Amino acid sequence: MKIIDFARKGNYVRFYLGEDEDATYSGSGWDDYGYKENAGPVSPEHVRGTTDLILPLDWDIREPQDASWGASGSWGAPWSKNDLKEGRQPCLVVVPPAWTNEVWDSFTDYVGGKHTRRYYFGDSMEPGIILPDDLMPKSGNAAWTDLPAEKKQAGSGGSSLPIIDWEKKGNVVQFSLGEEGDTDYWGDDWDDAPYEYNADPVYEEYVRGKVSLVFPFDWDVLEPADCEGSNSPWTKDDMKSRRVPCLIAVPPEQQVGREDGRDAYFETYTDYTWDKNEERCCRPKPGVIPFFFGDYLTPGGLTRIKKCLT
């Protein structure tokens, strides 16, 4: 089979596969420039299978929509899905951590880069999962655990450690875990709102372990910054005080309006309330899985979520 389309949630990419001899595959808006805003998915009758590409956060993924053009980069990506179908650009460029470069930024920087893996419409591919060890050059020793992840409430202890920070690339999330009983952890500007424009990561001196959770592709994984407005009202200190979850995971059966193509917002799946100190708080709606600072996770590598966490 061959690649005939793709969808991406950060470092989780789903390739849609069609028959090798099928040259008629297409979708609505495929001849329009700016494919991200204008092109729909490939028509389902052409799809014969899927392959999932799942990468840890230290890998970089770029697609044509990430291109920068003009002095300010405001021109956007000028390509259509038909341009991708005709091989004018790869649909995806992957860079392993050993070859990432902080001065690189846009798709145009990456597309001709050394040691990158480029994926084109029409490339041969078998259904399944592509993990780091399948990409060359091999870098690091990222592990894959195909088991439900363990999540415990604050104070559980044992072999697990409390969440003290996180980083998200779509449906792949890396949690930083701290020491049992340590309440002094912090980072720069944790008292400033909105956290997404002010707060730095937790200082590494407080980190005792990490784990990367991979949520199913059809789940919505949202943080407070995924809000309807331009700024969230929260600080990292609010998260440390457990006034607001740092992350929520929304299974398909709980999603609202997604069949209409509407964006997913954090506020849709949470409610405001007040704590005993009359501080504003945010709590998930029923069926939504929250992750709070102080919740416990077991350190490890990539762990795929296969059922609801408790």
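Mentor: Start with one residue. Arg14 has 22% relative accessibility and counts as partly exposed, because the partly exposed class lies between buried (under 20% relative accessible area) and exposed (over 50%), using a 1.4 Å probe and protein chains only. A word on the source: this is a predicted model, where local features need pLDDT of at least 70, side-chain atom pairs count only at pLDDT 80 or more, and totals for chains, interfaces and linings use all residues. Residues are numbered from 1 along each chain as its sequence is written, and side-chain values use heavy atoms, with hydrogens and water left out.

Trainee: Which side chain meets Arg14 in a salt bridge?

Mentor: A salt bridge needs a side-chain nitrogen of Lys or Arg within 4 Å of a carboxyl oxygen of Asp or Glu. Here the N to O distance is 2.8 Å. The partner of Arg14 is Asp52.

Trainee: Is Asp52 buried or exposed?

Mentor: Look at its relative accessible area, which is 9%. The limit for buried is under 20%, so Asp52 is buried.

Trainee: How many bridges join strand 2 to strand 3?

Mentor: Strands are DSSP runs of E with at least two residues, and helices are runs of H or I with at least four, both numbered from the N terminus. Two strands pair if DSSP finds at least two bridges between them. Strand 2 covers residues 12-18, strand 3 covers residues 49-54, and they run antiparallel. Phe15 stands opposite Thr51 in strand 3, and the number of bridges is six.

Trainee: Where does Asp226 sit, given its salt bridge with Lys168?

Mentor: The closest N and O atoms of this pair are 3.5 Å apart. Lys168 lies in strand 10 (residues 161-169), 58 residues from Asp226. Asp226 is partly exposed at 24%, and Lys168 is partly exposed at 21%. Asp226 sits in the loop between strand 13 (220-222) and helix 5 (236-240).

Trainee: What is the relative accessibility of Arg243?

Mentor: Arg243 forms a salt bridge with Asp238, with the closest N and O atoms 3.0 Å apart. Asp238 is buried, at 14%. Arg243 also counts as buried, and its value is 18%.

Trainee: Which residues does Phe217 contact, leaving aside its neighbours within four places in sequence?

Mentor: Phe217 lies in the loop between strand 12 (209-214) and strand 13. Phe217 is buried, with a relative accessible area of 10%. The C-alpha atoms of Phe217 and Lys9 are 7.4 Å apart, although 208 residues separate them along the chain. Contact means heavy atoms within 4.5 Å, and the partners are Ala7, Arg8, Lys9, Tyr12, Val13, Arg14 and Asn171.

Trainee: What share of the residues in the protein is buried?

Mentor: The protein has 310 residues. It contains five helices and 19 strands. The buried share is 46%.
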